[in-house]
Amino acid sequence: PGFGGDGGPGTLATFNYPGEVAVGPSGIVYVADTLNDRVRAVGPNGTVWTVAGGGVSSAVDIPARSARLARPWAIAVNTSGIVFFSDILNYRVCAVTPDGTLRLVAGTGAESAGPDDVAATASAIGRSFGLALDGNGNLLIAEYDHCRIRNISRTTGVIRTIAGDPAGSQRGFVDGPDALFNGPRGLAFEAISSTLDVADN
């Protein structure tokens with residue numbers, strides 16, 4: 001483990017406890033390089049580079065490589081090439097736009113079970129170890145700490161709980177419309193059946 005190899009071939013690059021990976025529409029593989037506090041990419045030709053992280057600023061709306069991340073883990077890419085990732089110890093979900101700008105998608109920076117039916121950027125979240133995009137481009141988040149699955153509308157940016165305790169206070173194992181989870185982590189959306197699969201830790 002370590003950090004190195006940006007600008008060179010992927011087979012010579014080093015990572016430090018990589019989390020999730022996702023493939024973008026142009027064939028770029030995005031990697032949450034968790035203990036290096038970076039999101040990195042491997043191009044179709046094998047070249048590696050940093051997409052986000054490695055900087056010193058905790059702000060958003062800045063060049064993504066100027067940002068200081070804190071343990072990125074989950075990652076998803078939409079059809080426009082926007083890269084979403086969970087910045088788990090900054091208690092937020094961010095996005096990198098195709099021009100390389102870091103945007104805030106969800107979270108306030110505080111670890112708390114934030115409310116539903118508000119702008120996602122005004123609702124606190126816990127550590128999020130799973131991200132997925134549904135067939136309409138809405139972002140789905142597995143909140144590990146608060147044991148709930150949340151949906152951020154692509155069109156309005158409003159967040160709501162779609163499974164688990166909306167208050168984020170109950171955990172357990174219950175199937176059905178009143179489902180409970182115990183540390184949900186991975187998410188995968190099945191486009192053919194419009195089914196969301198949840199890895200319930």
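β5 and strand β9 (residues 101-106) pair in the antiparallel sense, over two bridges. Terms, quickly. Helices (H or I, at least four residues) and strands (E, at least two) are DSSP runs, numbered from the N terminus. Two strands count as paired if DSSP finds at least two bridges between them.

A word on the source. This is a predicted model, where local features need pLDDT of at least 70, side-chain atom pairs count only at pLDDT 80 or more, and totals for chains, interfaces and linings use all residues. Residues are numbered from 1 along each chain as its sequence is written, and side-chain values use heavy atoms, with hydrogens and water left out.

Back to β5 and β9. Ile62 stands opposite Leu102 in β9. Both strands belong to an open sheet of five, ordered β5-β9-β8-β7-β6, with antiparallel pairing. At the edges stand β5 (62-63) and β6 (72-77); each has a single partner strand, so one side of each is left without a neighbour in the sheet.

Now the loop between β8 (92-96) and β9. Asp99 lies there. Is Asp99 buried or exposed? Its relative accessibility is 62%, so Asp99 counts as exposed. The cut-offs: buried is under 20% relative accessible area, exposed is over 50%, and partly exposed is in between, with a 1.4 Å probe and protein chains only.

Asp99 has side-chain partners. Another joins the side chains of Asp99 and Thr101, at 3.0 Å. A polar contact means a pair of N or O atoms within 3.5 Å; within protein, one must be able to donate a hydrogen and the other to accept it, and residues adjacent in sequence count only if both atoms are side-chain atoms. One more distance. Ala70 is 29 residues from Asp99 along the chain, and their C-alpha atoms are separated by 22 Å.

On to the other sheet. This open sheet has five strands too, in the order β10-β14-β13-β12-β11, and its pairing is antiparallel. Its edge strands are β10 (118-119) and β11 (128-133), each pairing on one side only.

How many residues of β11 are buried? Six of the six, so β11 is largely enclosed by the rest of the structure. β11 pairs with β12 in the antiparallel sense, over five bridges. Leu131 has Ile141 as its bridge partner in β12. The hairpin of these two strands has five residues between them, and there Gly137 takes a positive phi near 85°.

Last pair. Strand β12 (residues 139-143) runs antiparallel to strand β13 (residues 148-152), joined by five bridges. Leu139 has Ile152 as its bridge partner in β13.
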